[in-house]
Number of protein chains: 2
Amino acid sequence: MGNLDASVKPKLRKIVRRGRATRQSPAIVAPRTRKIRPYALLNDVALATVEEQADWILQNIGVEFRGDQVALEMFAAAGANVQGQRVTFKPGLARDLCSTAPSEFKLHSRDPANTVTLGGDNVVLMPGYGSPFVSDLEKGRRKATLKDFQNFVKLTYSTPWLHHSGGTLCEPTDVPVNKRHLDMVLAHLTLSTKPFMGGVTSLERAQDSVDMARLVFGAAFMENNAVMQGNINVNSPLIYDDTMSNALRVYAAANQCVCVSPAIFAGAMGPLSPAAVAAQTLAEAMVGIALAQLVRRGCPVVFGSFHSTMNLKSGALTFGSPEANLATMAISQLGHRLGVPVRSGGGQVSASNAADGQAMQDSTGAMWATLLSGTHQVWHAAGWLEGGLVMSYEKFIMDLDHCGAMLTMLQGFGVDEEAFGRDAYHETGPGENFLSTQHTMRHFASANFQSDIPEAGPFETWSENGSPTTDQRATSRWKQMLADYKKPAMDENIQAALNEFVATRKASMPDEWY
Amino acid sequence: MGNLDASVKPKLRKIVRRGRATRQSPAIVAPRTRKIRPYALLNDVALATVEEQADWILQNIGVEFRGDQVALEMFAAAGANVQGQRVTFKPGLARDLCSTAPSEFKLHSRDPANTVTLGGDNVVLMPGYGSPFVSDLEKGRRKATLKDFQNFVKLTYSTPWLHHSGGTLCEPTDVPVNKRHLDMVLAHLTLSTKPFMGGVTSLERAQDSVDMARLVFGAAFMENNAVMQGNINVNSPLIYDDTMSNALRVYAAANQCVCVSPAIFAGAMGPLSPAAVAAQTLAEAMVGIALAQLVRRGCPVVFGSFHSTMNLKSGALTFGSPEANLATMAISQLGHRLGVPVRSGGGQVSASNAADGQAMQDSTGAMWATLLSGTHQVWHAAGWLEGGLVMSYEKFIMDLDHCGAMLTMLQGFGVDEEAFGRDAYHETGPGENFLSTQHTMRHFASANFQSDIPEAGPFETWSENGSPTTDQRATSRWKQMLADYKKPAMDENIQAALNEFVATRKASMPDEWY
């Protein structure tokens with residue numbers, strides 16, 4: 001069962017040789033849409049019940065905007081009830097305010113081939129976000145640097161399986177806190193052409209990010225077209241701090257994409273059930289989306305979510321758990337009903353300290369929940385380890401493989417006559433093998449998704465090679481990808497303008513390390 | 001993002017202490033049904049097209065029964081066209097012959113608590129099948145022995161997450177080939193009470209297996225009730241050899257469950273597309289099920305499948321691939337339409353040589369495809385490595401964890417008022433944490449699925465402990481489970497009768513090692 005009949009191998013080799021002689025491997029172009037239907041976990045009655053609970057939260061508890069008088073005034077003017085910093089909403093109001101957000105929109109790239117669409121049947125995969133550490137099997141775990149950040153921008157640009165450059169791929173901890181956003185946005189804009197996320201950690205940093213993008217895309221173009229996103233984390237439960245709401249308002253005013261992501265560990269930042277996590281996520285996200293629409297009607301938004309579970313006995317955070325995956329699937333559905341693109345948590349996440357079996361068990365399950373349920377944008381699709389503390393070079397490569405596999409699976413399969421290969425049955429017959437049939441010849445080169453990690457080979461060969469586990473075999477891939485990386489061309493005036501902007505802004509303020 | 005706010009931890013510890021003082025952990029009882037709907041990959045039009053292709057195969061190519069004149073005569077009498085050993089069917093005939101098979105039936109245990117139901121909303125998970133080797137991290141990879149076989153029966157009996165004892169959990173290679181079935185069935189019947197699979201490698205071995213079960217359950221009971229299964233592998237493409245068809249007839253005549261499993265590596269034993277694999281699997285399986293029904297109308301059957309993919313460039317077998325997972329999901333749907341319980345391939349399978357990241361990426365994806373699509377019986381749910389060549393003690397433990405997680409996920413979640421925890425919002429408020437709320441107190445002990453593998457702990461502790469990967473941390477668990485194992489009670493007369501049966505049969509024939 002474990003190995004093909006020996007008689008089959010020589011035929012296969014012959015086919016392989018013939019195939020190699022006659023064709024080149026085409027460049028891989030990753031799918032950007034799904035062709036199979038989303039999985040609908042909850043029925044409409046259950047979804048309506050969750051939506052009612054979100055309304056209950058917004059009516060009876062509400063959300064606080066701390067230190068942002070502008071936001072409070074906007075909500076009051078829109079009919080919400082504002083008392084002090086607390087905003088409550090009568091049922092349906094928050095959803096109504098969200099209704100001007102587009103259900104589908106583009107994030108433009110300076111290379112049209114890399115422009116992506118959010119919403120509809122589109123799927124956009126992105127690398128991990130926010131890790132203060134990186135690791136690789138040679139140098140171990142260490143604080144992330146700008147060099148690491150640039151490496152992950154390059155790796156993300158180089159793979160077909162990620163559609164978007166991400167944001168804080170890892171924290172460049174060797175750069176002062178108040179200047180990191182400049183180096184990060186510069187890297188996204190110059191080392192890659194994939195859409196990206198800008199700074200959000202203060203109003204000024206958000207504005208710098210938008211201003212830098214304008215140097216590349218032009219202010220006029222960006223008035224009507226999104227080229228970037230801002231990641232607005234809700235300070236769950238039910239708090240928007242002014243850092244986040246200010247950044248939100250900068251992105252919305254610039255007509256750039258606002259992704260609102262409540263951040264809930266079930267049982268700590270909200271009640272411990274998947275139903276409660278889904279409802280609270282919806283409540284919190286609707287308020288942020290509503291604010292974006294009040295700032296600028298029609299500005300592009302994403303209904304985001306970062307949520308997971310804990311071992312409630314030990315306090316350890318857990319990822320890819322069944323409860324988290326259930327919440328992820330429900331949140332995708334809630335997003336579809338809200339009518340905006342959705343990021344439903346998940347991605348390839350794990351609490352594991354190594355890119356081992358648990359890491360991939362957690363990550364793979366979370367990715368299935370995320371993608372099968374019809375999410376539009378997947379954050380943390382590659383590299384994420386140790387509950388987000390670490391961006392791992394090897395896990396990045398392993399995750400890319402699974403991104404490719406999942407994107408392939410989302411294409412489904414044809415049930416046409418060519419797929420059924422009737423001619424192959426006429427060529428062969430009961431008991432005969434199909435490897436040398438014309439049908440196999442026509443399709444073998446492109447039929448199956450292929451891993452990019454060197455094969456382990458049979459046990460005996462593998463043992464002689466030192467029994468390298470998959471993460472160990474992945475090391476050569478990221479090194480090769482960095483060696484093969486080619487920086488995309490950029491107009492030298494634009495490059496100079498970006499460099500000058502960064503230099504000027506850096507010179508304008510003293511280093512801050514907190 | 002990676003760690004909870006430090007202020008939360010002391011509160012959590014307090015809750016944990018209070019919880020421990022007032023309650024015991026209840027014994028884990030694994031769910032046996034699914035409460036969430038199956039994922040429907042294909043629409044009805046596509047499914048009908050696949051079914052038409054199965055009919056095309058059966059009409060235009062047919063299936064050969066090699067060396068089984070009895071089967072050929074049965075098919076001829078039932079209206080099939082028999083020419084030599086080849087049987088062809090007019091469209092719809094094979095499906096009609098399957099229609100007397102029950103859609104749902106029980107596999108009885110001698111412990112009523114372990115009786116399982118196949119079909120409907122029921123889910124039955126089983127360990128790996130057929131590996132000639134075993135491995136553990138201390139003794140490495142080696143030929144499997146009867147001791148290993150017995151160990152895996154005990155481990156399967158001990159875990160709540162497998163419902164069924166399986167069949168050839170590993171090959172007891174230290175026992176002569178013609179006597180293995182006696183020791184294996186004896187182990188299933190005496191070391192466990194979970195339903196099991198008997199021998200199928202010859203007519204006599206199948207009969208021995210049924211006769212041994214009759215010593216435990218009584219011949220009269222077994223006339224009307226299934227207590228065991230036979231695994232009938234089709235010699236794909238389109239061949240039933242007489243070993244398999246003879247064994248099939250023994251199980252069917254005894255009214256015991258016949259699981260018919262076509263075995264297709266796409267591109268070798270059939271055309272390389274998922275559509276072709278699904279259609280050929282259906283065609284081949286319907287013929288075996290039809291034969292079982294011709295032997296005994298109404299005898300219990302399972303529509304089985306073992307299928308996977310290959311790297312068609314290198315010839316390496318691949319598991320958990322997107323193409324295999326698509327076929328798995330489609331086969332579940334075809335089984336639902338055929339109206340019999342379905343085993344749709346999949347399980348936790350991998351070609352990896354170690355219980356590493358790839359192993360669990362493959363296994364986890366395959367398990368999602370299998371379970372989400374609504375399969376009734378999952379073979380190879382634990383332990384399977386290296387394309388089935390190896391049963392791994394450590395992967396067994398890691399797979400069990402994921403079985404538990406998936407069974408938990410299949411329960412979905414409630415959207416009732418208690419789940420929403422409104423009282424907790426009144427107790428807290430924006431920005432406050434929920435760990436010490438009454439709602440968390442009421443539910444924290446049972447809210448989340450918990451892994452059975454010792455936690456890694458934070459990176460620093462983990463590093464001090466030698467950075468043990470998950471497979472390394474799993475070793476202590478299987479050892480503990482074996483140490484804690486208690487043999488279920490059995491009437492001593494029955495035990496003596498079984499021992500005598502085995503001794504007599506062994507004495508009746510010389511050892512054969514092939």
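This is a predicted model: local features need pLDDT of at least 70, side-chain atom pairs count only at pLDDT 80 or more; totals for chains, interfaces and linings use all residues.

Residues are numbered from 1 along each chain as its sequence is written, chains are lettered from A and ligands numbered from 1 in the order in which they are written, and side-chain values use heavy atoms, with hydrogens and water left out.

Me: How many residues of chain A are in contact with chain B?
Reply: Contact means heavy atoms within 4.5 Å. The same surface serves both copies, since 100% of the contact residues of chain A recur in chain B. On the side of chain B the count is 122 residues, and on the side of chain A it is 122.

Me: What area do chain A and chain B bury between them?
Reply: The size of an interface is often given as the accessible area lost when the parts come together. Buried area here is the accessible area (1.4 Å probe) that two parts lose on being put together, summed over both. Carbon and sulfur atoms hold 66% of the total, which is about 10400 Å².

Me: Which element gives the largest share of the side of chain A that touches chain B?
Reply: Helices (H or I, at least four residues) and strands (E, at least two) are DSSP runs, numbered from the N terminus. The largest share is 9 residues, and they come from helix 12 of chain A.

Me: How many salt bridges does the rule find across the interface of chain A and chain B?
Reply: A salt bridge is a side-chain nitrogen of Lys or Arg within 4 Å of a carboxyl oxygen of Asp or Glu. Over all chains the structure holds 40 of them. Across the interface of chain A and chain B the number found is 0.

Me: Is helix 12 of chain A largely enclosed or exposed?
Reply: Buried means under 20% relative accessible area, exposed over 50%, and partly exposed in between (1.4 Å probe, protein chains only). The helix covers residues 357-372 and reaches 22 Å from its first C-alpha to its last. Of its 16 residues, 16 are buried, so helix 12 of chain A is largely enclosed by the rest of the structure.

Me: Which residue just after helix 12 of chain A takes a positive phi?
Reply: At the start of the helix, a side-chain oxygen of Asp356(A) reaches to within 3.3 Å of the backbone nitrogen of Gln358(A). Just after helix 12, a phi of about 95° is taken by Gly374(A).

Me: How many residues apart are Lys506(A) and Asp183(A)?
Reply: Their side chains meet in a salt bridge (2.7 Å, N to O). Lys506(A) lies in helix 19 and Asp183(A) in helix 6 of chain A, and their separation is 323 residues.

Me: Is Glu64(A) buried or exposed?
Reply: Glu64(A) pairs with Arg86(A) in a salt bridge (2.9 Å, N to O). Arg86(A) is partly exposed at 28% relative accessibility. For Glu64(A) the value is 13%, so Glu64(A) counts as buried.

Me: What separates Asp399(A) and Lys395(A) in helix 13 of chain A?
Reply: Asp399(A) forms a salt bridge with Lys395(A), the closest N and O atoms being 2.8 Å apart. Both residues are buried. Being 4 residues apart in the helix, Asp399(A) and Lys395(A) are separated by about one helical turn.

Me: Is Ala101(B) buried or exposed?
Reply: Ala101(B) lies in the loop between helix 4 and strand 4 of chain B. Leaving aside neighbours within four places in sequence, Ala101(B) is in contact with residues including Ile289(B) and Val340(B). Its relative accessibility is 9%, so Ala101(B) counts as buried.

Notes
The expected span of a helix is 1.5 Å times one less than its number of residues. A polar contact is a pair of N or O atoms within 3.5 Å; within protein, one must be able to donate a hydrogen and the other to accept it, and residues adjacent in sequence count only if both atoms are side-chain atoms.
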